[in-house]
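User: I'm new to reading protein structures. Please take me through this one feature by feature, with the general idea and then the case at hand.

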Amino acid sequence: MALKRIQVGDRMSQAVMHGDTVYTAGQVALEAPGESVADQTRNILSRIDALLSEAGTDKSKLISATIWISDMSTFNEMNEVWDAWVTPGATPARACAESKLAAPQFTVEIGVIAALG
């Protein structure tokens with residue numbers, strides 16, 4: 001079964017399609033580093049929307065999501081943005097953990113798996 005890679009870089013691809021599934025890399029707020037958790041979450045979800053669109057799918061086909069936040073006290077702030085974004089009745093399986101992220105200006109990272117078609 002062939003793989004299709006999206007936005008291929010030297011270190012990683014931003015998404016990989018295999019069979020009827022697309023896997024995104026963990027996305028950070030490249031356009032909003034250092035902004036509020038809500039703003040970073042909005043930026044990340046916009047990036048995920050674009051990757052899913054490029055793969056030929058959308059957030060209504062999410063299978064799972066993994067969310068890392070640098071401070072669990074911001075969980076509710078992130079969730080307000082997440083809850084407004086997800087498709088009602090099509091929410092994915094999800095995990096959220098507190099984690100030190102790759103750089104201090106990033107407070108949220110999200111990776112998703114979605115079905116194609």
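## Helix contacts

Analyst: Let's start where two helices meet: V37, A38, T41, R42, L45, I48 and D49 of helix 1 touch E77, M78, V81, W82 and W85 of helix 2. Sorted by type, the residues of this contact are 8 nonpolar, 1 polar and 3 charged. Contact here means heavy atoms within 4.5 Å. Ala, Val, Leu, Ile, Met, Phe, Trp, Tyr, Cys and Pro count as nonpolar, Asp, Glu, Lys and Arg as charged, and the others, including Gly, as polar. Helices (H or I, at least four residues) and strands (E, at least two) are DSSP runs numbered from the N terminus.

Before we go on, some ground rules: this is a predicted model, where local features need pLDDT of at least 70 and side-chain atom pairs pLDDT 80 or more, while totals for chains, interfaces and linings use all residues. Residues are numbered from 1 along each chain as its sequence is written, and side-chain values use heavy atoms, leaving out hydrogens and water.

User: At what angle do the axes of helix 1 and helix 2 cross?

Analyst: Axes are lines fitted to C-alpha atoms, for helices over the stretch in contact, with angles from 0 to 180 degrees between N-to-C directions. Here the axes of helix 1 and helix 2 cross at roughly 35° and come within 8 Å of each other. A crossing is right-handed if the near helix is turned clockwise from the far one by less than a right angle, and left-handed if anticlockwise. Helix 1 passes helix 2 in a right-handed crossing.

User: How many residues does helix 1 have?

Analyst: Helix 1 runs over residues 37-55, so to speak a run of 19 residues. You can check a helix by its span: the expected value is 1.5 Å times one less than its number of residues. From first C-alpha to last, helix 1 reaches 27 Å, close to the 27 Å expected. Just beyond its end, G56 has a positive phi of about 95°.

User: Which residues of helix 1 are buried?

Analyst: Buried means under 20% relative accessible area, exposed over 50%, and partly exposed in between (1.4 Å probe, protein chains only). In helix 1, the buried ones are V37, A38, Q40, T41, N43, I44, L45, R47, I48, L51, L52 and A55. They pack against several elements, among them strand 1 (3-8), strand 4 (62-69), helix 2 (75-85) and strand 6 (108-115).

User: How many salt bridges are in the whole structure?

Analyst: Look for a side-chain nitrogen of Lys or Arg within 4 Å of a carboxyl oxygen of Asp or Glu. A search of the whole structure turns up 2. One joins E31 and R47 at 3.2 Å, N to O. E31 sits in the loop between strand 3 and helix 1, and R47 in helix 1, so the pair ties together parts 16 residues apart in sequence. E31 is exposed at 55% relative accessibility, whereas R47 is buried at 17%.

User: Where is S99 found?

Analyst: S99 is in the loop between strand 5 (93-98) and strand 6. Leaving aside residues up to four places away in sequence, S99 touches W68, I69 and S70.

User: Where is L116, and which residues does L116 touch?

Analyst: L116 lies in the segment after strand 6. Not counting residues up to four places away in sequence, L116 touches M17, G19, D20, T21, V22, A55 and T57. L116 and G56 are 60 residues apart in sequence but 6.4 Å apart in space, C-alpha to C-alpha.

User: What is the phi of Q7?

Analyst: Q7 has a positive phi of about 50°, although Q7 is not a glycine. Q7 is in strand 1, and at 44% relative accessibility Q7 is partly exposed.
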